[in-house]
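Visitor: Hey, I've got a structure open and I'm a bit lost. Can we go through it together?
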Amino acid sequence: MADQTSLTPVFTAAGSDWSIVSFYGTGFFGESALQIDCKIAGFQAAVPFVGSLGGGLERIDVRMPAEVLTLIDDEAINYAEVLFSANGVPANSAVLVFRYRQ
């Protein structure tokens with residue numbers, strides 16, 4: 001994880017209609033969406049899709065929790081920690097950074 005000063009916004013949330021965020025990584029090979037647990041800013045996030053892109057790279061689609069979307073819309077948070085685990089085994093954490101349009 002990067003320290004707070006070097007984080008770069010990964011997407012702009014305000015006024016958008018998105019609800020799914022895709023993560024790419026390794027180490028989840030052969031896992032189904034039912035075996036993946038995800039929390040964003042401490043809130044449970046549904047995992048509707050996990051799939052292999054070949055060469056050891058996997059994609060995990062996560063539905064943003066309504067509570068997090070509300071915090072983003074209210075500009076109450078600037079970033080959120082993302083925690084994944086597969087069958088109870090935790091992965092490295094990630095951070096989503098939010099930038100608000102002026």
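Visitor: Which residues does Asp 61 touch, leaving out those up to four places away in sequence?
Guide: This is a predicted model, and in it Asp 61 touches Ile 20, Val 21, Ser 22, Ala 46, Val 47, Pro 48 and Phe 49.
Visitor: OK, and is Asp 61 buried or exposed?
Guide: Asp 61 has 10% relative accessibility, so it counts as buried. The cut-off for buried is under 20%.
Visitor: What polar contacts does the side chain of Asp 61 make?
Guide: One goes to the side chain of Ser 22, at 2.6 Å. Another joins Asp 61 to the side chain of Arg 59, at 2.8 Å.
Visitor: Which strand does Asp 61 lie in?
Guide: Asp 61 is part of strand S6, which covers residues 57-63.
Visitor: And what's the order of the strands in that sheet?
Guide: The order is S2-S6-S5, in an open sheet of three strands with antiparallel pairing. S2 (20-25) and S5 (49-54) are at the edges with a single partner strand each, so one side of each has no neighbour in the sheet. On average, neighbouring strands here are turned by 25 degrees against each other, ignoring direction.
Visitor: How many bridges join S5 to S6?
Guide: Five, and the two strands run antiparallel. Val 50 has Ile 60 as its bridge partner in S6, and Ser 52 has Glu 58.
Visitor: What sits between S5 and S6?
Guide: Two residues, which makes S5 and S6 a hairpin. Gly 55 is in the turn, with a positive phi of about 65 degrees.
Visitor: How about S2 and S6, how many bridges there?
Guide: Six, again in the antiparallel sense. Over there, Tyr 24 stands opposite Arg 59 in S6. That's the Arg 59 whose side chain makes a polar contact with Asp 61.
Visitor: New topic: how many aromatic pairs turn up in the whole structure?
Guide: The search finds one. The ring centres of Phe 23 and Phe 84 are 5.1 Å apart and the planes are at 80 degrees, so the pair is edge-to-face.
Visitor: Where in the chain are those two?
Guide: In distant parts: Phe 23 is in strand S2 and Phe 84 is in strand S7 (residues 79-86), 61 residues apart.
Visitor: Last one: are Phe 23 and Phe 84 buried or exposed?
Guide: Phe 23 is buried, with a relative accessible area of 13%. Phe 84 is buried too, at 9%.

Terms used: Residues are numbered from 1 along each chain as its sequence is written. This is a predicted model: local features need pLDDT of at least 70, side-chain atom pairs count only at pLDDT 80 or more; totals for chains, interfaces and linings use all residues. Side-chain values use heavy atoms; hydrogens and water are left out. Two strands pair if DSSP finds at least two bridges between them. Helices (H or I, at least four residues) and strands (E, at least two) are DSSP runs, numbered from the N terminus. Axes are lines fitted to C-alpha atoms, for helices over the stretch in contact, and angles run from 0 to 180 degrees between N-to-C directions. Buried means under 20% relative accessible area, exposed over 50%, partly exposed in between (1.4 Å probe, protein chains only). A polar contact is a pair of N or O atoms within 3.5 Å; within protein, one must be able to donate a hydrogen and the other to accept it, and residues adjacent in sequence count only if both atoms are side-chain atoms. Contact means heavy atoms within 4.5 Å. Rings of Phe, Tyr and Trp (its six-membered ring) pair if their centres lie within 6.5 Å; planes under 30 degrees apart count as stacked, over 60 as edge-to-face and the rest as tilted.
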